[in-house]
Amino acid sequence: MEEERAENAVDRTLGRLRAIDSRPAPEGTGPQPSPFPAEPAAAGPPGERPLTLADLYRDHRLRLMRLAMLLVDIPATAEDVVQEAFAGLHRHWSGLRDESAAVAYLRAAVVNGSRSVLRRRRTAREYVPPHAANARSAESLAMLSAEHQAVVDALSQLPPRQREVLVLRYYGGLTESEIAEAAGMSRGTVKSTASRALDAVARIMEERAGASAARRSGEPR
């Protein structure tokens, strides 16, 4: 029952973030220019022209940025991870002309790049995790309720693999097979990791709720 409640809370929260990030950019801001040179327009109907790196950058960059931010917490670091993922795609472009394969490559590259960042952090003694309020874009967080923000904070406390699986599932909307491919694990491991992660989220939120109730009643923690 606790796991089910945690799953519903995570689903609502990351679904809300996904909806926010799917909205068009405010008028006047426009999309970030692609770092890839424009390619000559191909003949034929627009829907049948060859896929370009600029197309992928335009259509998938924002969602990949959010994915990276949910994994590494710092926007500037997430930007670096995503840019490196696109740079890797550029190097392998000749073998990935299919959009679904290219997007799968980008997701896996973002997950692997985020893991590398977290490994480096563990070896850097001077690293201090950022406060949750600075972890993601202020615009998106401002649109989340206090309940949703509590879920995001709980996710930030999970071990990296558990956080990856929940973020890929509930923010990325991926199936177990797609998560297994992106995270480099078996479907069975995806399922068991998700279960442990949801149990951990439920425990963290229950502990926080208990601590808040104790503070309100003046009881010691």
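Modeller: Ile179 has its place in helix 8. Please bear in mind that this is a predicted model.

Colleague: Why is Ile179 counted as buried?

Modeller: The relative accessibility of Ile179 is 1%. Buried means under 20%, so Ile179 counts as buried. The buried residues of helix 8 are Ile179, Ala180, Ala182 and Ala183.

Colleague: What does Ile179 touch, leaving out residues up to four places away in sequence?

Modeller: Ile179 touches Val165, Leu168, Arg169, Leu174, Gly184 and Val190. Arg169 lies 10 residues from Ile179 in sequence, and the C-alpha atoms of the two are 7.1 Å apart.

Colleague: What makes helix 7 oblique to helix 8?

Modeller: The axes of helix 7 (residues 160-171) and helix 8 (residues 176-183) come within 10 Å and cross at roughly 135°. Roughly perpendicular ends at 115 degrees and roughly antiparallel applies over 145; the crossing angle of roughly 135° therefore makes helix 7 oblique to helix 8. The crossing is right-handed.

Colleague: Which residues make the contact of helix 7 with helix 8?

Modeller: Helix 7 contributes Glu164, Val165, Leu168 and Arg169, and helix 8 contributes Ile179, Ala182 and Ala183. By class, this contact has 5 nonpolar, no polar and 2 charged residues.

Colleague: How is the packing of helix 1 and helix 2 described?

Modeller: Two packed helices are described by the angle between their axes and the distance between the axes. For helix 1 (residues 2-21) and helix 2, the angle is about 145° and the axes are 10 Å apart. Their crossing is right-handed. The contact is made by Leu14, Leu17, Arg18 and Asp21 of helix 1, together with Leu62, Arg63, Arg66 and Leu70 of helix 2. By class, there are 4 nonpolar, no polar and 4 charged residues in this contact.

Colleague: Why are Tyr57 and Phe86 called an edge-to-face aromatic pair?

Modeller: The count of aromatic pairs comes to 1. In this pair, Tyr57 and Phe86 are 5.0 Å apart centre to centre, with 65° between the planes.

Colleague: Where is Asp73, and why does it count as buried?

Modeller: Asp73 lies in the loop between helix 2 (53-72) and helix 3 (75-91). Its relative accessibility is 10%, and buried means under 20%, so Asp73 counts as buried. Asp73 also has a positive phi of about 80°, although it is not a glycine.

Colleague: How many helices and strands are there in the chain?

Modeller: The chain has 9 helices and 0 strands. Of its 221 residues, 40% count as buried. Among contacts in the chain with a separation of 6 or more, 71% are between residues 24 or more positions apart.

Technical notes
Residues numbered from 1 in each chain as written. Predicted model: local features only at pLDDT ≥ 70, side-chain atom pairs only at ≥ 80, totals over all residues. Heavy atoms only, no water. Axes fitted to C-alpha atoms, helices over the stretch in contact; angles between N-to-C directions. Helix = DSSP H or I, 4+ residues; strand = E, 2+ residues; numbered from the N terminus. Parallel < 35°, antiparallel > 145°, perpendicular 65-115°, else oblique. Left-handed = near helix turned anticlockwise from the far one by under 90°. Contact = heavy atoms within 4.5 Å. Nonpolar A, V, L, I, M, F, W, Y, C, P; charged D, E, K, R; others polar. Buried < 20%, exposed > 50% of the residue type's maximum accessible area, 1.4 Å probe, protein only. Phe/Tyr/Trp six-rings, centres within 6.5 Å; stacked < 30°, edge-to-face > 60°.
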